[in-house]
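Trainee: I would like to go through the labels on this model and ask what each one rests on.

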Amino acid sequence: AELQLGEATALHEVEKKELQEYYEKALGKMDCKDQEDAMKRMKVEESRTMLESSIRVVAGELFDVRQQHDKLKEEARSLQALLLGEEMKQLEQAICGQIGSLCGRMEEEKEEASERLKKEITERRRLHNLVQELRGNIRVFCRIRPLSQRNLQDGAQSVVSFPSETELLLDNGGKYQSFQFDRVFDPSSTQEQVFTETQPLVVSVMDGFNVCIFAYGQTGSGKTFTMQGYNQDGGVNTRALQELFQVVEQRAGMYEYEIKMSLLEIYNENIRDLIQPKDDNGEEKKLDVKIAPEGGTCVPGMSITPVNSMDDVLDLLATGESNRSVGRTNMNEHSSRSHMILSIFASSVNVMTGGRAHGKLHLIDLAG
Ligand code: ADP
Ligand code: MG
């Protein structure tokens, strides 16, 4: 535009000069009237060229302004994009900040809730064990088995009735005798119902209490049925062990447990280790009941095997069963002289406090 303006001005100057020379020459040959006209025309001509050059200048400037406008528009656009990017960044930062503080708050709340839960669990455990003590440290349940095929063939008839959950009524030839128990299970009771009554005691073992459950009665009365169970319908033994492993799972993260198991048979006053009957020399172990230094009784030399799952337990029970059956000819004769003692040792560590507890559970199928 500047170049154009310069050219226009130069051109204008040249034209002006040429015109002036021409008019001056012409003026000399003209009369007054013509001179005046010529002067007027010269003036008009002069202002026309001036106008033309001004237009050229303005056009040049306009071109400039247009270019500047485009440039500014471009700048505005990139500035807008920049601002938008900046805004987005700020927004993102603000959101991140908010999420961060929200997470912090959630973490705090989670910790509070887990604190509360731990307290509740401790309190629930305390109350549970208190209830067990209040219900009696020694409880006697009575289970009546159904009449067997043999009993029925022999023409036997039931002489017991069950007026309530805690009473057994015996018809002794028209003379009624009432017996009270903590709980009476009639012949229709299931293995599960019987276990339900003992289940809370099993939970106490996991809190460091010692529990002993034994079946007592004459041969054929249903002790082994109740404790071991038959086939798939497990008795108190397997159900109790299942319960222990469930407690371990439920309390994971709060308590760490170590569970061990032993299996003994007392046959004709001889103690036999059913899991490892022989010592390192291949001789049958000679075991004895002794008073433990820390109180209570113990059987030195008895094998105590860690168990981590029900499968481990079932394997050991099968081993025990096979070790028991050696030389066994008459089932009835054998079981009427044989006590079976399944013992569980549960040690726990409270993850929070480091407190330790040791509970024992003895499950005993007595001789007849
Ligand atoms: P014990 O161990 O006291 O000598 P068992 O548990 O071996 O007696 O039971 C003797 C028989 O009676 C077994 O054949 C067993 O299956 C059966 N029996 C015992 N209790 C029940 C019960 N509650 N329901 C059904 N059958 C039972
Ligand atoms: Mg038996």
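Trainee: Is R272 buried or exposed, and what makes it so?

Mentor: This is a predicted model, so the label rests on computed values. R272 has a relative accessibility of 18%, and buried means under 20%, so R272 counts as buried. The residue is found in strand β10.

Trainee: Why is A215 called buried?

Mentor: The relative accessibility of A215 is 10%. A215 belongs to strand β6, and its C-alpha lies 7.0 Å from that of M227, 12 residues away in sequence.

Trainee: What makes the contact of E165 and R183 a salt bridge?

Mentor: The N to O distance between their side chains is 3.4 Å. The rule asks for a side-chain nitrogen of Lys or Arg within 4 Å of a carboxyl oxygen of Asp or Glu, so the pair qualifies. E165 sits in the loop between β2 (160-164) and β3 (167-172) and R183 in strand β5 (residues 183-185), so the bridge ties together parts that are 18 residues apart in sequence. R183 counts as buried because its relative accessibility is 17%, against the limit of under 20%.

Trainee: Which residue does R251 pair with, and how do you know that it is a salt bridge?

Mentor: The partner is D207, and the closest N and O atoms are 2.6 Å apart. That is within the 4 Å of the rule, so the pair is a salt bridge. R251 lies in the loop between α6 (236-250) and β9, and D207 in the loop between α4 (191-205) and β6, so parts 44 residues apart in sequence are tied together. Both R251 and D207 are buried.

Trainee: What about R239 and D233: how close are their N and O atoms?

Mentor: The closest ones are 3.1 Å apart, and R239 forms a salt bridge with D233. The two residues carry separate labels: R239, at 18% relative accessibility, counts as buried, while D233 has a relative accessible area of 40% and is partly exposed.

Trainee: How many salt bridges does the rule give?

Mentor: The count comes to 12. Besides the pairs above, E45, R48 and E52 are linked in a network of salt bridges.

Trainee: What makes E111 exposed?

Mentor: Its relative accessibility is 53%, and exposed means over 50%, so E111 counts as exposed. E111 is found in helix α2 (residues 32-134). On the surface, E108, E109, E111, E112 and E115 gather in a patch of negative charge.

Trainee: Which residues form the nonpolar patch, and what is their accessible area?

Mentor: L91, I95 and I99 form it, with about 280 Å² of accessible area together. I95 is found in helix α2. Its relative accessible area is 44%, so I95 is partly exposed; that label covers values between the 20% and 50% limits.

Trainee: How much of residues 62-130 is helix?

Mentor: Over residues 62-130 the chain is 100% helix and 0% strand, with the end C-alpha atoms 100 Å apart. An unreviewed UniProt entry annotates residues 62-130 as "coiled-coil region".

Trainee: Which residues does UniProt list for "binding site"?

Mentor: The unreviewed entry lists G217, Q218, T219, G220, S221, G222, K223 and T224. T219 lies in the loop between β6 (210-215) and α5 (223-227). At 28% relative accessibility, T219 counts as partly exposed.

How values were computed: Residues numbered from 1 in each chain as written. Chains lettered and ligands numbered in written order. Predicted model: local features only at pLDDT ≥ 70, side-chain atom pairs only at ≥ 80, totals over all residues. Heavy atoms only, no water. Patch = residues over 30% accessible without salt bridge, like charges linked within 9 Å, V, L, I, M, F, W, Y side chains within 5 Å. Areas by Shrake-Rupley, 256 points an atom, 1.4 Å probe, with all protein chains shown as cover. Lys, Arg positive; Asp, Glu negative; His and termini not counted. Charge placed at Lys NZ, Arg CZ, Asp CG, Glu CD. Helix = DSSP H or I, 4+ residues; strand = E, 2+ residues; numbered from the N terminus. Buried < 20%, exposed > 50% of the residue type's maximum accessible area, 1.4 Å probe, protein only. UniProt positions renumbered as here; feature names shortened; annotations may be inferred.
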